[in-house]
Amino acid sequence: MPIGFEDGSIDEFAMAIPDGAKVAIPADYAGVSMAATRALIRRRVKNLHLVGVPTSGLQAELLIGAGCVKTFESSALTLGEYGPAPRFTKAVREGTIQLVDATCPAIHAGLQASQKGIPFMPLRGILGSDVLKNHPGWKVIQNPFANNKDPIVAIPAIQPDIALFHAPLADREGNVWIGRKRELVNMSHAAKTAFVTVDAISETSLFETEEKAAGVLPALYVGKICVAPNGSWPLPFWNGAEVDDAHMRRYMEMAKSDTGFQNYLDQFVMQESVPA
Amino acid sequence: MTDIADDKKALICLIANLLRDCNHVAVGAASPIPGAAALLAKAAWGTPRFVNILGSVANNFFTGGGGELFDCAAQGRIDAFFLGGGQIDGQANINLMGRGDYPSSNPRWPGTFGSAYLYFLIPKVILFREEHSRRTLVEKVDFISAPGLSDNSTYRKGGPFGLLTSKAFFRFDKDKKRFRLESIHPTSSLEDILDNTGFSFDYSKEAPLTAPPDPALLELLNQEVREKVAEVYPNFAEAIFPMTSSAAHAK
């Protein structure tokens, strides 16, 4: 058995994510490990390079606010209907994080290139945008197969150190069920390894039926698993919880000021007084 | 309150008519008016046949992950899409990044999302921004998240079809590289629009009023489609279909 996860706590899990790591994180709709996010803040991780696949939300907002992030690479940071992300907005205004602003398909394409072990992936669109002008890695090349002028953008491979996300189930062999959230597979294939929190452990193999197997990320790609029931809280989870609306509103209220945000961290992260 | 709800329903009906010739429309989970319009069009005419609500679990039929939308768009499998922006200018450039000098934007907005790609590849991109002011409709955007126009050597299958706001509907003329005022909503006037638009645009002094929603279409929205809208956009549905009217309909 490749992975020992039965007795590992979420804090031990987070200790294995080193300072300076390049960590791929999914958008809110694909399963965000907020449990691991809080543990990362508790362990005072530094200089993370976050890759939001293709966007991020509260997860990046908290890590940025807590001073854990050096570089934020993504297509957006959004808290949706709750409004502008206060800590992110402040960090951008004050220039305390390095931004690598992309566009959604370019994040997917960069990961795809890494999955395939190739240096870049060409992508349509993007030409003439200020996103292209400001991106440190993208290059415009001529389509080598065209007779006429045909510029196309080359997106270099993005290889994260770790893909970090929350999923419903893992089995005892370390296989993870991701349903139809194929971006989690892409992230994990592209990254050196995947760290996954799960709601529960399946006592039977996830390969037992083809229906289940179709949505499995094989243990080959998985480095660490930790059981964290409701681990996406307060964010919604595609296989379970709705967003904790009252908590999100409370966050928005508290994170308006530096002191309020510190109080939020003390109350909900450092002490992990998480309501069931 | 009722007036605002009526205005929003009028926008929904207007957009629904624009989607009638589409097979597949994708809309964001945070775009209730375009989303409701797509659902209404599907209910009224059976087209668009496919309405995909991105970010939703039950109303998103993609099985290929977050990248499938973009692959679909690149292959021409999406006919219409909606983009907004904190700033939109007279050349249909859109800015979703922030005001001021990048990277120290102030305020910073969420970011470009997929706009820098989808704007090039989806034939009918409808710019939708309810706030119609000189703050949002500007002469020149501070940051081009996605350009409205490209030169001839650029591969471009899609682009701006029009711009819909709470005051008016503009069509974009690709040859003239300008917006043209198509119709004025009953709550506004040409003077009001000229006062509140930061870019210059073509118009006729006799620009028509936006036609009121077809009563049958409005009825369909209020009856059959409201349940579907409520399922996808619960907060929005609560605002435009107040409980009182629901009780009235129940009778």
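Buried area is the accessible area, with a 1.4 Å probe, that two parts lose on being put together, summed over both. The values below come from a predicted model.

By this criterion, domain 1 of chain A and domain 2 of chain A bury about 470 Å² between them. Carbon and sulfur atoms account for 72% of that area. Domain 1 of chain A spans residues 10-105 and 158-261, and domain 2 of chain A covers 120-156. Their centres, taken over C-alpha atoms, are separated by 29 Å. The contact involves 6 residues of domain 1 of chain A and 7 residues of domain 2 of chain A. Polar pairing across this interface amounts to 1 residue pair in polar contact, with both residues at pLDDT 80 or more. The rule finds 0 salt bridges there.

The interface between the chains was examined next. Chain B and chain A bury about 3000 Å² between them, with 60% from carbon and sulfur atoms. Arg108(B), Phe113(B) and Tyr117(B) supply 20% of the area that chain B buries against chain A, more than any other three residues. In residue terms, 38 residues of chain B meet 35 residues of chain A. The rule finds 1 salt bridge across this interface. Its partners are the side chains of Arg108(B) and Asp101(A), at 2.8 Å from N to O. Polar contacts join 14 residue pairs across the interface of chain B and chain A, both members at pLDDT 80 or more.

Within chain B, strand E6 (residues 124-128) has 5 of its 5 residues buried, so the strand is largely enclosed by the rest of the structure. Both faces of E6(B) are covered. Lys124(B), Ile126(B) and Phe128(B) are buried on one side, and Val125(B) and Leu127(B) on the other. Two strands of chain B pair with E6(B). Strand E3 (residues 80-83) of chain B runs parallel to E6(B) and is joined to it by 4 bridges. Strand E8 (residues 160-164) of chain B also runs parallel to E6(B), again through 4 bridges. Ile126(B) takes part in both pairings: Phe82(B) stands opposite Ile126(B), and Gly162(B) is the bridge partner of Ile126(B) in E8(B).

Chain A contains an enclosed helix. In helix H2 (residues 34-42) of chain A, 9 of the 9 residues are buried, so the helix is largely enclosed by the rest of the structure. The buried residues include Met34(A), Leu40(A) and Ile41(A), together with Arg38(A) and Arg42(A). An α-helix has 3.6 residues a turn, so residues three or four places apart point the same way. The cover over the buried residues of H2(A) draws on both helices and strands of chain A. It includes helix H1 (10-15), helix H3 (58-65) and helix H10 (258-270), along with strand E8 (162-171) and strand E10 (193-202). At the start of H2(A), a side-chain oxygen of Ser33(A) lies within 3.3 Å of the backbone nitrogen of Ala36(A). Just after H2(A), Arg44(A) adopts a positive phi of about 55°.

Key: Residues are numbered from 1 along each chain as its sequence is written. Chains are lettered from A and ligands numbered from 1 in the order in which they are written. This is a predicted model: local features need pLDDT of at least 70, side-chain atom pairs count only at pLDDT 80 or more; totals for chains, interfaces and linings use all residues. Side-chain values use heavy atoms; hydrogens and water are left out. Buried means under 20% relative accessible area, exposed over 50%, partly exposed in between (1.4 Å probe, protein chains only). Two strands pair if DSSP finds at least two bridges between them. Domain bounds come from an automatic or database domain assignment. Contact means heavy atoms within 4.5 Å. A salt bridge is a side-chain nitrogen of Lys or Arg within 4 Å of a carboxyl oxygen of Asp or Glu. A polar contact is a pair of N or O atoms within 3.5 Å; within protein, one must be able to donate a hydrogen and the other to accept it, and residues adjacent in sequence count only if both atoms are side-chain atoms.
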